[in-house]
Amino acid sequence: MKDFTGPAIHVMRHARTEVCLVDGIDRLRTEDLQPTFDFFDYLTDELGLTVFWSGIGSSDILREARTARFPILRRPTESTAAIRPRSVPTLWVNRLPPRCKEHPDEWVSTLAALDGRLRLRHHKPDSLLDHQKKLYQITDGLMEHLTH
């Protein structure tokens with residue numbers, strides 16, 4: 001397998017990437033967690049990148065991975081100062097509420113924003129809004145399902 005770290009760093013540096021959102025951390029296999037975290041730690045150090053981890057249980061997954069890697073983090077002692085603390089931001093995205101009296105615009109405005117950013121060959125502007133009820137029924141208000 002080829003190592004794409006160098007080209008990835010080159011592209012990210014050239015694009016002046018400062019923030020990276022990694023979605024679906026919950027889908028990583030257990031044996032892939034630590035190499036993935038190591039890779040993004042390397043990118044963070046190399047580029048000054050801020051990485052946001054997203055996915056079901058991402059906070060717990062990250063906490064477990066960090067304490068497994070640095071067992072000393074499990075118990076607060078004076079020696080923890082030797083380990084460079086790294087904050088690991090996580091992003092929890094809740095299901096959007098359906099269109100109703102209490103939330104008349106959240107789903108519709110989200111669809112409108114997504115529709116405005118679509119770059120499809122035969123896309124008609126605002127066509128997602130024509131199907132907003134069906135799209136909510138299919139996605140259950142989760143952007144992860146809508147973007148597919």
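The model is predicted. Helix α2 spans residues 30–47, α4 spans residues 106–117, and α5 spans residues 132–139.

**Helix α2**
- α2 has 18 residues. From first C-alpha to last, α2 reaches 26 Å, close to the 26 Å expected at 1.5 Å a residue.
- Its buried residues are L33, T36, F37, F40, D41, L43, T44 and L47. They lie on the same side of α2, because their arc around the axis is only 160°.
- G48 follows α2. The phi of G48 is positive, near 65°.

**Helix α4**
- α4 has 12 residues. Its first and last C-alpha atoms are 17 Å apart, close to the 16 Å expected at 1.5 Å a residue.
- W107, V108, L111 and D115 are buried in α4. Their arc around the axis is only 95°, so they sit on the same side of α4.
- The cover over these buried residues includes α5 and α6.

**Helix α5**
- In α5, the buried residues are Q132, L135, Y136 and T139. They share the same side of α5, because they cover an arc of only 100° around the axis.
- These buried residues pack against α4 and against α6, residues 143–147.
- K133, Q137 and I138 are exposed. They are on the face of α5 turned away from its buried side.
- D140 comes after α5. The phi of D140 is positive, near 60°.

Conventions: Residues numbered from 1 in each chain as written. Predicted model: local features only at pLDDT ≥ 70, side-chain atom pairs only at ≥ 80, totals over all residues. Heavy atoms only, no water. Buried < 20%, exposed > 50% of the residue type's maximum accessible area, 1.4 Å probe, protein only. Helix = DSSP H or I, 4+ residues; strand = E, 2+ residues; numbered from the N terminus. Arc of directions from axis to C-beta. Contact = heavy atoms within 4.5 Å. Expected span 1.5 Å × (residues − 1).
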